[in-house]
Amino acid sequence: MTDDTRQPAAPIDFYFDFSSPYGYFAAEKIDALAARYGRAVHWHPFLLGVTFKVTGLAPLPTIPLKGAYSLHDIERSARYFGLPFRQPGTFPISTQHAARAFLWLNDRNPARAKAFGLAAYRAYFVDDVNISDLAVVLDLAAKQGVDRDELAVVLTGTEIKARLAAEVELGLSRGVFGSPFVFVDGEAFWGADRLPQLERWLAEGGF
């Protein structure tokens, strides 16, 4: 008779901003990747605008030379990951409404929150729907079975705004400065292009 008292492997923490195309690519892949190694994924909405103030950086498209390259790289990366992608007409955008909606949903039903998160990403980066619009966010949530009117009240309240601010502050305290940003076993990985390294880490227990 064996006594298997091993604890489940620690979950992966996945930080993302809804305006980040690389966050979109990672969101589409990370749960399946983690599941192959018996890991769960905790999703954390984040606001890149806050990190720009801390780091002094700016959105990629606005940076000379680097901006043009990044737009090309984003489309190439979509092809690499085998994901549909359309460059949004307005890019980047503010994502507070979507982030707050995700956070509220995640506190109640993480699976539904992830479904909403993927729907929001696809709306923006596939269908070119401006998810900075509160009405759009409410519509996307309603399609996931959320009470639209209840969520509308929540998203205009001060409690969820403070909740997101605290979540972003926590991310900053952990060293998060980009999207996607992933923690596994205390190790940080930045960028969708680090998913192969993340998988090797999970497979080998570090390297």
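Modeller: Helices and strands are DSSP runs, numbered from the N terminus: a helix is H or I over at least four residues, and a strand is E over at least two. This is a predicted model, in which local features need pLDDT of at least 70 and side-chain atom pairs count only at pLDDT 80 or more, while totals for chains, interfaces and linings use all residues. Residues are numbered from 1 along each chain as its sequence is written, and side-chain values use heavy atoms, with hydrogens and water left out.

Biologist: Where is the place of Pro92?

Modeller: Pro92 lies in the loop that joins helix 3 (66-81) to helix 4 (96-108).

Biologist: Which residues does Pro92 touch, not counting those up to four places away in sequence?

Modeller: Contact means heavy atoms within 4.5 Å. With residues up to four places away in sequence set aside, Pro92 touches Ser19, Pro59 and Tyr124.

Biologist: Is Pro92 buried, partly exposed or exposed?

Modeller: Relative accessible area decides this: buried is under 20%, exposed over 50%, and partly exposed in between, with a 1.4 Å probe and protein chains only. Pro92 has a relative accessibility of 32% and therefore counts as partly exposed.

Biologist: Is the peptide bond from Phe91 to Pro92 cis or trans?

Modeller: Most residues other than glycine have a negative phi, and most peptide bonds are trans. The bond from Phe91 to Pro92 is cis, and its omega is near -5 degrees. A cis bond also leads from Ser179 to Pro180, with omega near 0 degrees. Pro180 belongs to the loop between helix 8 (158-174) and strand 3 (181-184).

Biologist: How many residues has the largest nonpolar core?

Modeller: A nonpolar core is a set of buried Ala, Val, Leu, Ile, Met, Phe, Trp, Tyr and Cys residues joined through side-chain atoms within 4.5 Å. The largest one here has 61 residues, and those with the most contacts inside it are Phe14, Phe18, Phe25, Trp43, Phe116, Ile131 and Leu198. Beyond its neighbours within four places in sequence, Phe25 is in contact with Ile74, Ser77, Ala78, Phe81, Leu83, Phe85 and Ala192. Ser77 belongs to helix 3, and its 13% relative accessibility is why Ser77 counts as buried. Not counting residues up to four places away in sequence, Ser77 touches Tyr22 as well as Phe25.

Biologist: At what angle do helix 5 and helix 6 cross?

Modeller: Axes are lines fitted to C-alpha atoms, for helices over the stretch in contact, and angles between N-to-C directions run from 0 to 180 degrees. Helix 5 (residues 110-125) and helix 6 cross at roughly 130 degrees, and their axes come within 9 Å. Therefore helix 5 is oblique to helix 6; angles under 35 degrees are roughly parallel, over 145 roughly antiparallel, 65 to 115 roughly perpendicular, and the rest oblique. Phe116, Ala119, Ala120 and Ala123 of helix 5 meet Val137, Leu140 and Ala141 of helix 6. The residues of this contact divide into 7 nonpolar, no polar and no charged.

Biologist: At what angle do helix 6 and helix 7 pack?

Modeller: Helix 6 (residues 134-142) packs against helix 7 (residues 148-155) at about 135 degrees, with the axes 9 Å apart, so helix 6 is oblique to helix 7. Leu134, Ala135, Val137, Leu138, Asp139, Ala141 and Ala142 of helix 6 make the contact with Arg148, Leu151, Ala152 and Leu155 of helix 7.

Biologist: Is Val153 buried or exposed?

Modeller: Val153 is part of helix 7, and at 58% relative accessibility Val153 counts as exposed. From Val153 to Ile131 the C-alpha distance is 18 Å, and the two are 22 residues apart in sequence.

Notes
Ala, Val, Leu, Ile, Met, Phe, Trp, Tyr, Cys and Pro count as nonpolar, Asp, Glu, Lys and Arg as charged, and the others, Gly among them, as polar.
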